[in-house]
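Colleague: I would like to go through this structure with you. Where shall we start?

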Amino acid sequence: MKKVGIVMGSDSDLPILEKAMNMLKSLEVPYEVHVYSAHRTPDEAIAFARGAEENGFGVLIAAAGMAAHLAGVLAANTTLPVIGIPCKSQYLDGVDALLATVQMPTGIPVATVAINGGGNAALLACQMLAISDEALAARLKAKRAADTAAVLEKDARICAEYSSL
Ligand code: RP5
């Protein structure tokens, strides 16, 4: 199976990526994790993106905060799909990173998830890989069914506990 490449702009982004890693682990999807910054280590970030396809990656996840150019820089250097996670930092509540990640020019798309949306980034990556992987597609369907059942269980519990009929 192709790997997911996870890149973060700083190790301070790690807690957000842990959600993504846990999701990938639970769906049995291999991943490789790096800290490369679009600003602090641009050569390494670009080299990683340029070599990603031949190094066995099928999709990249890039997480960065503040002036978050990482996902865009990776996307500019590969035709693999790139999923961007805007990270919330101390100021501006992550809206700075959201706009920097999502507002890409035509020709270089980045699939941007919610601020700190590590879980959804991993799920989206799995959905992309599942297009050509039936076993992974089946695991995704099973997860979706289990998630639905969990919500309906909560509904039954809350309804029984809080309704006044
Ligand atoms: C970004 O700046 C990183 O992705 C991080 O979210 C933010 C702050 O980085 P540190 O100052 O914590 O290293 O490049």
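Modeller: Let us start with the aromatic rings. This is a predicted model. Ring pairs link Tyr36, Phe48 and Phe57 into a cluster.

Colleague: How many aromatic pairs does the count come to?

Modeller: Rings pair if their centres lie within 6.5 Å. Tyrosine 36 and phenylalanine 48 lie 5.6 Å apart, centre to centre. For phenylalanine 48 and phenylalanine 57, the centre-to-centre value is 5.2 Å. The count comes to two aromatic pairs.

Colleague: Is the pair of tyrosine 36 and phenylalanine 48 stacked, edge-to-face or tilted?

Modeller: Planes under 30 degrees apart count as stacked, over 60 as edge-to-face and the rest as tilted. Here the angle between the planes is 50°. So the pair falls in neither of the two outer classes, and it counts as tilted.

Colleague: Which parts of the chain does that pair link?

Modeller: The two residues are 12 residues apart. Phenylalanine 48 sits in helix α2. Its partner, tyrosine 36, is in the loop between β2 and α2.

Colleague: And what kind of pair do phenylalanine 48 and phenylalanine 57 form?

Modeller: Their planes are 65° apart. An angle over 60 degrees counts as edge-to-face. The pair is therefore edge-to-face.

Colleague: Which elements cover the buried residues of α2?

Modeller: Helix α2 spans residues 42-51. Its buried residues are Ala45, Phe48, Ala49 and Gly51. What covers them includes β1 (3-8), β2 (31-35), β3 and α3.

Colleague: Ala49 also brings up threonine 78. Which residues is threonine 78 in contact with, leaving aside its neighbours within four places in sequence?

Modeller: Threonine 78 is found in the loop between α3 (70-75) and β4 (82-87). At 12% relative accessibility, threonine 78 counts as buried because the value is under 20%. Beyond the sequence neighbours, its contacts are Ala49 and Leu60.

Colleague: What does the side chain of threonine 78 reach at 3.0 Å?

Modeller: A polar contact needs N or O atoms within 3.5 Å. The side chain of threonine 78 meets that cut-off at 3.0 Å. What it reaches is the backbone nitrogen of leucine 80.

Colleague: Is methionine 66 buried or exposed?

Modeller: Methionine 66 is in the loop between β3 and α3. It has a positive phi of about 60° although it is not a glycine. Its relative accessibility is 54%, and over 50% means exposed, so methionine 66 counts as exposed.

Colleague: Where is aspartate 93, with its positive phi?

Modeller: Phi of aspartate 93 is near 60°. The residue is not a glycine. Aspartate 93 is found in the loop between β4 and α4 (95-102).

Colleague: Which elements give two or more residues to the lining of the second largest pocket?

Modeller: That pocket has a volume of about 150 Å³. Among its lining residues are Gly58, Val59, Met128 and Leu129. The elements are β3 (57-65) and α5 (118-130).

Note on methods
Residues are numbered from 1 along each chain as its sequence is written. This is a predicted model: local features need pLDDT of at least 70, side-chain atom pairs count only at pLDDT 80 or more; totals for chains, interfaces and linings use all residues. Side-chain values use heavy atoms; hydrogens and water are left out. On a 1 Å grid over the protein atoms alone, a cavity is a set of points where a 1.4 Å probe fits but cannot get out, and a pocket is an open set with protein on both sides within 12 Å along at least five of seven lines; lining residues have an atom within 4 Å of a point. Grid points are joined across faces, edges and corners, and a volume is the space filled by probe spheres set on the points. Helices (H or I, at least four residues) and strands (E, at least two) are DSSP runs, numbered from the N terminus. Buried means under 20% relative accessible area, exposed over 50%, partly exposed in between (1.4 Å probe, protein chains only). A polar contact is a pair of N or O atoms within 3.5 Å; within protein, one must be able to donate a hydrogen and the other to accept it, and residues adjacent in sequence count only if both atoms are side-chain atoms. Contact means heavy atoms within 4.5 Å. Rings of Phe, Tyr and Trp (its six-membered ring) pair if their centres lie within 6.5 Å; planes under 30 degrees apart count as stacked, over 60 as edge-to-face and the rest as tilted.
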